[in-house]
Structures are given as structure tokens and as C-alpha cells.
Amino acid sequence: MSVDDTSDKARFAEVFLPHLVDAYRLARWLSGSRADAEDIVQEASLRAFKSIRTFSGGNPRAWALTIVRNTSYSWLAKNRPSAVVLTGDLGAAAEERLERADASDPAPTPEAALIAKAEAAEVRQAVAELPVPFREILVLREIHELDYRAISEIAQVPIGTVMSRLARARRLLIATLQRGEP
Amino acid sequence: MTVSEQDELLLNAYLDGELDAMEAARFEQRIASDPALIGQLNTRKALSAALRSDLDEDLPPPDLRRRILAGLGEGGRSGDKAPWRAMAASFLIGALLAGTASLGLLRSSPSPGIADAIVSAHIRALMAPQPIDVASSDHHTVKPWFNGKIAFAPVVEDLAADGFPLAGARIDVIGLEPTATLVYRHGNHVISLTEMPRAGAVPSSLTAARGYNVLAWSDGKIGYWAVSDTATDELRNFVSKFQAASAGP
């Protein structure tokens, strides 16, 4: 084992490994499955290790999440090409659901109460139905609690797009969960 | 109950802590008198809580880290086939329980069990977010930090002038005994220097284990083990600088 190789591993252990839980969560929300998330994180780890020398000392968490996000995209495109929507359009079905939700105009309090009662599996199912570009922004905000700027860098979209996608993703989830079915 | 698209963005930005103090205060005033906004705000809060409700169970399997490290050995650069890091944790436990070296790794070491455990502690420290419990380059901070944690006064030297700045210290437990470990940086490398009160029991030696060099010596009162992935010459250089500094004027 060369000295360079050993120090790359030490650097990888310092920069990437502390964010394994974050990495796994992002991959799981994006892929919708624990097993797929493991595959994605393994692949992302290898990518991170190979490019560890390009990490120049910024925010290691954002760096790690960017690699996981990009790996998730390529993994999904390769392994789930038909099931996954990678475009920034919400899709006709989702648009229609939003319109119906807006039209039904429910009272605010029951809405919040219904959502609070939602089961974790129900929430995951609702999130899984969001197109990936909406899902990733929602997850980076809600699960990883990143600010808009960091999200815009990781997802490689302008902050205005982060805001509009986040708004639509939330509105759609609320519409789905308050109905109790997708 | 719907709100305008503009208000929706504002509501989200408020909830996400993206408004500055003035904007937030102004928006709070508006919320207070607008039931539609209150409703939307509460709904979004409930949504956040629902999304975060099973975070405690949303964890990678415990052996994912080990598999990743093992995968680096196979898919990493050529010439490296040993999933050495993967074994670090079990290695340390094994060394502590058995009190003996993993066979064949430290053939020439005079006290293989200890050297093994010290390398394991070093590896473990590198895998943690920080290889140190107390971060300080000041030996006046580091030395008292050990008070009450270990049963002797370790020798602490800052070697920044020699290119080995002191980064801090930690406690390693070697063979069930808490020991003082100083952490130095040298370029991209980390050097762990573990001290134990083992008078004369440590013949000077240089061994290599799993890609790490271990230099051991004794000053008659304390036994020292320096561990690093830095080159042998650099480690020798470090040790001679440390010995010179601790020998006093």
C-alpha cells in the first residue's frame, strides 16, 4: 500500500464517512428503497474516494451530499429508467391533483391535524410520487435541513427554482396526505 | 383555504428561516391577522414533523461503513487489495481481548499486542470526525487536560517550529489502561504519539502494520509509540525532534 493511497483513505475517512447517515437518507428518499440506497451510497463512496483529492476544503457535508445526489441520478437513470421522472415538470396527473386540492378549499385546521396523523409509510409513499427534482429539494430542506443556497448548489438549480419546487412539492404532499390517499 | 403564490413563497421562506429579521417581523404581523396564512403555516409545520417522524429509524445498516471500506480495497487504486480499515474496529477489540498480536502482522515487534492496539487506536481516531478529544496547539492547555484522566503526567511538546504542529490530544485505552495520546499534524498526515508509564520495557523499534509505521522508544520512565502513515524518514525525524525538545535545554 502506498503512502498516497493510505492518506487518501484517511482523508476519505475524515471528509466523507462522517456524513454516511446523511448520504444514506438522501439516497433512500431519492430511490425509495433501503436496498437501493445501500447500492447508491456504496457507489457514491467509491466516487468520493476517487475524487478525494479534488475536495478543496469547503463544506464536506455539502460535498458528500452532492456526490450522493449525482450518483442517485445516474443510478436511477440506469436502473429505473421507466419508473422515474427526472424532468422538472410535475406531470399532468400531479398538476390535476393540485388543482383539485385548490378547488376543494378545505378548512385549515383539519388539514394540519390530518397530516400530523399520517403514518411514516404513508408519508414516504406520498414523497415517492413526487418527480425526483421536486423530491430532492424537499428532502434536502426537510430531512437535511439545508438552507436554500446550499440546496441550490447541490441540486444545481437557481435559488428561485429551489423556492418554486419546494412550494409545489409541499403543496402536493399536503394535498395527498390530507386526502388520506394518493 | 388558498393563499397567493407570492404569499406561499414568503410563507415557506419564513418557515425555513430564510427571511431576514425585518422581513420576518413584518410577515409575523401579517400572519397574526390572517387565518388563511395561519392555517397554511400550521399545515406546513405538520408536514415537516411528519417527514421527520421516523428519522431515528432512517439509518444505514451498521455494517455499511465496513462494506464501503472493504469496497475501496477492491475498486480503489491498484496495488491495494487489503480492506484494512474494515478490520480496524474488530482488530482493536481482538487485540484488547486476546492481548496478543494478530499473527504475522508485527513479526519483529517486541511488544506486538501493544503496538497493534496503538495502531488500531490511531486508525479508529482517523475514522472519527476528529482524531482528538481536546483541540489545542498549546501544551499549557493540553498537559492539564490529562489531569485526572490518566495516572501519570505525560510529556507534551509543541513541535510547530520543526514542522510538526501539535493539534491536540486524546485518551486511548490500550490493554484496558487509559493512555495519553498526543496528535500532531505534518502536511496531510496525522501522527499519534501514545505515552504509557512503562519504564524501560520498550526497546526502540520500528515496525510497520497495515500501512502505518510505528516507532517505539522509552526514556526510562515513559514508553512512547509514534504512529503515522507518513514516510519512515519523516517519522524518525519527528521522533528525534520530540526527543530533543523533551530532553530540555
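Tutor: Chain B has a mean pLDDT of 79, and 80% of its residues score at least 70; pLDDT is the predictor's confidence in each residue, from 0 to 100. This is a predicted model, in which local features need pLDDT of at least 70 and side-chain atom pairs count only at pLDDT 80 or more, while totals for chains, interfaces and linings use all residues. Residues are numbered from 1 along each chain as its sequence is written, with chains lettered from A and ligands numbered from 1 in the order in which they are written. The model's ipTM is 0.86 and its pTM is 0.57.

Elements here are DSSP runs numbered from the N terminus: helices (H or I) of at least four residues and strands (E) of at least two. Two residues are in contact if their C-beta atoms, placed from the backbone, lie within 7 Å.

In H1(B), the buried residues are Glu8(B), Leu10(B), Leu11(B), Asn12(B) and Tyr14(B). Buried means 20 or more other C-beta atoms within 10 Å of the residue's own, exposed means 12 or fewer, and partly exposed lies in between, with C-beta atoms placed from the backbone. Their cover includes helix H2 (21–32) and helix H3 (35–51) of chain B, together with H10 of chain A. After H1(B) comes Gly17(B), with a positive phi near 70 degrees.

Chain B also holds an open, antiparallel sheet of 7 strands in the order S1-S2-S3-S4-S7-S6-S5; two strands pair if DSSP finds at least two bridges between them. Strand S1 (134–135) and strand S5 (205–209) of chain B are the edges, each pairing on one side only. S5(B) is joined to the antiparallel strand S6 (residues 212–218) of chain B by 5 bridges, and Thr207(B) stands opposite Val214(B) in S6(B). Helix H8 (residues 232–246) of chain B lies across strands S3 (177–186), S4 (189–196), S5, S6 and S7 (223–228) of chain B, at about 25 degrees to S6(B). Axes are lines fitted to C-alpha atoms, for helices over the stretch in contact, and angles run from 0 to 180 degrees between N-to-C directions.

Now the partner. Contacts between the chains involve 50 residues of chain B and 47 of chain A. On the chain A side, H1(A) gives the largest share, 9 residues. That side divides into 27 nonpolar, 6 polar and 14 charged residues, where Ala, Val, Leu, Ile, Met, Phe, Trp, Tyr, Cys and Pro count as nonpolar, Asp, Glu, Lys and Arg as charged, and the others, Gly among them, as polar. Chain A itself has 10 helices and 0 strands, and 44% of its 182 residues are buried. Among its contacts between residues at least 6 apart in sequence, 74% join residues at least 24 apart.
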